[in-house]
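Here is a short note to read beside the model. Please keep the structure open while going through the points.

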Amino acid sequence: MQHPHNTHEPVIFLPAVSPCGLVLRVAILLMLHSLNGCEETDRQPAAISPSVKWADRVSQSRGTTVQLAMWDGDASINQWMRESVRSSLREHYGIELKFSGLRGHQLVSRLMSDLEANRVTGDLDLVWINGETFYQLRKINALAGPFTELLPNARLIDWQDPFISQDFQQPVDGFECPWGTVQMTIIYNESTVAIPPRTLKELEDWIRQHPGRFTFDCSFTGMTFLKSLLLQFSEAPEAFATTLNESEWDRCSNALWSWIRKLRPHLWREGRVFPDDVAQLHHLLNSGEVDFSMSNNDGEVDNKIRQGILPPAARAYVPDWGTIRNTHYLGIPVNAPNRNAAMLVINHLISPAAQLEKMNPSIWGDGTVLDLDLLSAEWQQKFRGIPGRERAPSRTELRKHALMEPNAEVMIRIHEGFRREILESPQ
Amino acid sequence: MVGPLEKILGGLLLAIPAVLFLRMFLHGLQYSLGLKGLLQSGWTTTHWEAVFRSGVLLESMALSAVTALIVTMLSLVGAIVLIGTRFCYGAGKSLEAALLLALSTPAIVMAMLTRLWLEPGGLIARMLFWTGGISSPAEFPVLINDPYSLGLILCGVFCSLPFLALFFLRVWEANALHRYVSTAVLLGASPWQAVWRIALPMLWNRSRTLLVLIFLWNFSAWEGPLLVGQQSPRMISVLIADSTGEFSLADRPRSFTYSTTYFVLAAAGLAVLTRRGRHHVCRD
C-alpha cells in the first residue's frame, strides 16, 4: 500500500519556527561552534628575527608609538619616565612612548587572557617585569625572544654578575633585558629608634617592646621581606635555588608563619590588617603610626625624604641576616604590535647616558646593570662621580649582606601562604 | 501590527545579549572544570571542591550580603531623614545641589575621600590631634580596613544615599506629595507625623525595586571594598578580581569557580524576584 503522501508533490519538512526562534537557534549554534578550539596549549615563543639590521629597525620605528606597561607607584620614577625618557626617545628615534599602569600579576592575567583569546596583536609593546612575573610569562610563552643579543648596548651589561644574569634563579635566556639592580633595605625613624635591630632576635624583642610600631605590607616589598626571613629559618638556603626542595619549604614556611603568628598581636593594628603596599607603609612611617618601613630600592630613602614622603629622620640599613638583592628587567610581549620600536626603547634605556641619569639619587637612585670596566674612561668617571647617598649605606656595604633571590615559586607560595595562614586565619 | 523584519530585529536584540551572557557563563564553567585555558588540566572538579572546602567564597558572599543590606537600610533611613528635614525645615535647593554633587562623585573618589577622612593619619584624626582629643594616631579608632567594615559601610552610604534621596525628591514632586502632607498638617498632624504616615508609605511603594537595585549595586561594589574594605574575608568582587590575577596561574580556574557560582546565585535571586513581582501584578 502506498503512503498517501507519495501520491502528491514531495513534502519538504520545515519545522514551525518563528523568526525570533530562528535567530536564537542560529546564534546558539554559532556560540557552541565558537566554544571549541579557542586556545593552543602548545604555543611556542615568538622568535625575533636576528637578520633585520639595526639601522632598518631604527628607520621602521620612526613615527611609531610604544606602549609600556609599568608599575606606576613611585612619583619620581613616573616623572623621569614621562619627561626625560619620553622626550629623548622622541628626539633621537621619533618614537612616542605611552604608559599603562599595571602590576606584575595584572600583567600576567592580561597577557594570559590575550593568548587564550588568540589575540595575535595585543596592546602592549614593552613590559617592566622581574621574578615571578617573568617566571609565569615564560611558563605560558607570553614573551617574545630571545632578543638581548640583538641590542647594541647589551654588550655593556655585566652578564657575569649572577644577580643580573638570573632572575629569581631562572636564567633570562635573552627573553628579558636587565634594566636596573636594587637591594632591599629596612627604613627606620632615627628620632624614635636609636639603635635599629640587627638580628632576628633583636627585631623580635623590639617588636614586643614597642607594640603597634612595626608592620610590613602584603604586596611585593613585604613579601620580599618575608623571603629574606624564610631563608633565615633554613639550614640549607640552596634548597630554595633552582629546584624547590619540598620538605625544606614545608619546614621553613611553617617556621615563618609561626614566627609571624607569635608576633602578630604586637604588630601594627595587632596584625589584623597589613598595609596594601609599600606606599601605604611609607605613609604610616611619615604620619608617625609606625617606626619602620622598607624598600626594594636601596636609594629610595633619600629621594622620598626630598619629596616629603618619608620624615627627615628616616634612615636605611640592612640587618645582619641580609636582604634580597635583585634585578628588574624589560621584556617584549609575544603579541606586541611594535617589536622593533620596543627594542629601540630598551636599547636606549640601557645606554650609559640613561643608566647614569637613572642612578642619580635625586632622580631614581637605581643601580646600574652595566659593567663599568667595559665603559670608556669618560663614562667610568661620570658613574663614579654620582653624588653618594646621604641616608643609606653604600652599595659596596649593602652587597656584603646581599641574599640571592630564591626560586620564583617561593614568591608565589609566600603570597598564597601569607593569605591562607595569616590574613584568613583568626588570631 | 509587527512585521517579520521587526520580529527578527526584536529577536536579535534579545538574542545577542542572551547569547553573550550564556557564552560567558559556559566559558567560566568550562574553565573552572579544567576544560579551558592555557594551562588546562582536563576534566576535574578539584577547583570546585577546593572552593567549597575552604569556605572563602561563602564568607565573602555572606559579608557582601550583610554589608549591602546595612548600606541599603542606612541609605534609606538617611534619605527619609533628609526628605523629612527638607519638608519640615525647608532646606530647598542647597540640599538638592549637595546631593547632586555627591551623586556625581565617582565611587573610587568617594572611597579615597573616606580613607583620607577616616584613617588614623587622616583629616579627622589630625583635627582631633590639634584640638587635644587624641595624643597619637594609635588612639584614633580603626575605621579603615576594619573588621566590622565601618569605613566600607560609610563609603557605601555616601554613594547610595544621594541617589535614593534625589529619587525621593523627584517622586515627592511628581506626585505632589506636599499637598497630601500639607492637608494632613492643616487637619492637625505634626509635620513629622504627616511625613511618616502619608508620604513615607507612598515613597516606599515606589522605591521597592530601586532598593533591590541599590542592594545589588552594593553587593557587587568594587572600588570601596578595594580601598577601605577588610582584607579577610573580602567582598565578593574583590575576591573574584584578586583570584583572577594573583598568585599561582594554576589557581586561575578558581576565580572562574567564584564567578560561575556568583552568576548562578545572582540569576536565581533575580528569578525569584521576578516571579514575586509577577505574583504581585496578578494579585493587583
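This is a predicted model: local features need pLDDT of at least 70, side-chain atom pairs count only at pLDDT 80 or more; totals for chains, interfaces and linings use all residues.

1. Is A:D291 buried or exposed? A:D291 counts as buried, at 4% relative accessibility.

2. A:D291 has a salt-bridge partner, A:R213. The closest N and O atoms of the two are 2.8 Å apart. A:R213 is partly exposed, because its relative accessible area is 22% and buried means under 20%.

3. Next, look at A:K227 and A:E405. Their side chains meet in a salt bridge, at 2.6 Å from N to O. A:K227 belongs to helix α8 of chain A, and A:E405 to the loop between β11 (402-403) and α16 (408-423) of chain A, so the bridge ties together parts that are 178 residues apart in sequence. Both A:K227 and A:E405 are buried.

4. Now the link between chains. A:E116 forms a salt bridge with B:R252, and their closest N and O atoms are 3.6 Å apart. The pair crosses from helix α4 (residues 104-116) of chain A to helix α12 (residues 252-283) of chain B. A:E116 counts as buried, at 7% relative accessibility. B:R252 is buried too, with a relative accessible area of 4%.

5. Salt bridges also join up into a network. A:R110, A:D114, A:R119 and A:D123 are linked in this way. Over all chains, a search of the whole structure finds 34 salt bridges.

6. Which residues of helix α7 in chain A are buried? In α7 (residues 200-209), they are A:L200, A:L203, A:E204, A:W206 and A:I207. These residues lie on the same side of α7(A), because they cover an arc of only 165° around the axis. The face turned away from that buried side carries the exposed residues A:K201 and A:Q209.

7. What covers the buried residues of α7(A)? The cover includes α8 (220-232), α9 (246-263) and β8 (292-295) of chain A.

8. Step back to chain A as a whole. Chain A has 16 helices and eleven strands. Of its 427 residues, 56% are buried. Among its contacts with a separation of 6 or more, 80% come from residues 24 or more positions apart. The accessible surface of chain A comes to about 18300 Å². Carbon and sulfur atoms account for 52% of that surface.

9. Helices α5 (107-118) and α6 (123-130) of chain B each supply at least two of the patch residues. Which helix gives the most to the patch? α6(B) does, with six residues. B:L116, by contrast, lies in helix α5 of chain B.

Notes. Residues are numbered from 1 along each chain as its sequence is written. Chains are lettered from A and ligands numbered from 1 in the order in which they are written. Side-chain values use heavy atoms; hydrogens and water are left out. Buried means under 20% relative accessible area, exposed over 50%, partly exposed in between (1.4 Å probe, protein chains only). Helices (H or I, at least four residues) and strands (E, at least two) are DSSP runs, numbered from the N terminus. The arc is that of the directions from the helix axis to the C-beta atoms. Contact means heavy atoms within 4.5 Å. Accessible areas come from the Shrake-Rupley method with a 1.4 Å probe; for residues, only the protein chains shown count as cover. A salt bridge is a side-chain nitrogen of Lys or Arg within 4 Å of a carboxyl oxygen of Asp or Glu.
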